[in-house]
Amino acid sequence: PEEIQSVLAGQQLPAWLETKCGKVNGVLDSPYAPDRGNARIQLLRAGDGPIPIVVVNDVDGLPGSIYAARLAAALPQEFFTKFQLVGVDRRGTGNSLPANCVPLEVRRAMVEMDPSALEVNAWFEAAQTAGQQCSIALERQLPAFDTWRTSADLDALRSALDVDRLNAIGHGEGSRVVSMFADRFPDRVGRVVLDGVPDPTADAPLAYEGVAKGGEAAWDAFAADCVRNSCPLGSDPDRYLLELLGQLRTTPIDDPLLTVTAGAAIHAVLVGLSDRKAWPTLATALSAAKNGDGTGIQTMLAPIVLGNNNQAASLDGTLVTTCNDMGTRMSPGQVTTAAKEWQEKFPLFG
């Protein structure tokens, strides 16, 4: 389909790699209508070996179909004499029931706000508006966007593939879906790879502190790599970033679609750090922003905040799925206290 071709255009797939698209029907299974309703799940098959391996990505990363194509492009051609990769756009992402329920101005507010200002009430107000709008737009579908039901979509796919046991790769938070499938259907799971399993704890502050800690570690690795390869950020990337954030706090780069603020820059850094191949792009974007050109940062954030005619903005599906999965909530007071502590321990991402 055209919407898939347009996204794949940037993936530089080898000529020998055969890719095909398809869809499979899962059961929506909203709590309002248990075991009823239809969930159309977008798939992409890369390669044509006899043994399928399903690929599930982060809810806030590339759609699983596109991620599987990119993963396939990095593998040797011989791999596909035996295997095929089947990428899954999990519900709420890509072209599988995209949530598409948060108003653009609310997405912008969430991303453009400066974390260091600790405007917790402003963030809660934006989140509350997002939740209300998603409740209105999705109605009874809303609670059906979660990891539990997504794992059942994998069983529907297993049946469609006509295999007794499903082999799967879960990348990042996508590992939660694969491990949930294994837990729910132990007699139907084959061999699995869990690449970057999220902290399974139900303690929200502990889990979020782990995200901040991981972000700092990733930045340190990026900075060392940057210096080693003489990147545009010079010999001290830490100082460069802090100077850029200070500059953006004074003089943000205005744009009618997405203003590059200090908050937007920090979001772009997290996006860039999550993909090792994107590190040079991240360095170039930060360097350009310091010279008044926010195009690079806007491009990195566009799939999350703006979306396009072919793909809905990913922030919506991320927000809905994450909220549905969370067993606990942090109050504004807890957020304020935790953020103050984490700013001391994790200067960039606390």
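Does Cys-231 count as buried or exposed? At 15% relative accessibility, Cys-231 counts as buried, a class that means under 20% relative accessible area, with exposed over 50% and partly exposed in between (1.4 Å probe, protein chains only). This is a predicted model, in which local features need pLDDT of at least 70 and side-chain atom pairs count only at pLDDT 80 or more, while totals for chains, interfaces and linings use all residues. Residues are numbered from 1 along each chain as its sequence is written, and side-chain values use heavy atoms, with hydrogens and water left out.

The structure holds two disulfides, a disulfide being a pair of cysteine sulfur atoms within 2.5 Å. One of them joins Cys-226 to Cys-231, with 1.7 Å from S to S, and because the torsion about its S-S bond is about 85°, this disulfide is right-handed. Cys-101 lies in the loop between strand E4 (83–88) and helix H3 (104–112), whereas Cys-134 belongs to helix H4 (residues 120–138), so that the pair, 33 residues apart, links distant parts of the chain; helices (H or I, at least four residues) and strands (E, at least two) are DSSP runs, numbered from the N terminus. Both cysteines are buried, Cys-101 with a relative accessible area of 7% and Cys-134 at 3%.

Turning to the rings, those of Phe, Tyr and Trp (its six-membered ring) pair if their centres lie within 6.5 Å, and planes under 30 degrees apart count as stacked, over 60 as edge-to-face and the rest as tilted. By this rule the count comes to six aromatic pairs. One of these is the tilted pair of Phe-181 and Phe-185, at 5.3 Å centre to centre with 40° between the planes. Phe-181 counts as buried at 1% relative accessibility, and Phe-185 is buried with a relative accessible area of 12%. Elsewhere, ring pairs link Trp-16, Phe-79, Phe-80 and Phe-83 into a cluster.

Charges also meet rings: the charged end of Arg-184 sits over the ring of Trp-148, 3.7 Å from its centre, where the criterion is that NZ of Lys or CZ of Arg is within 6 Å of the ring centre and within 35 degrees of the ring normal. Lys-290 lies over the face of Tyr-240, at 4.2 Å from the ring centre.
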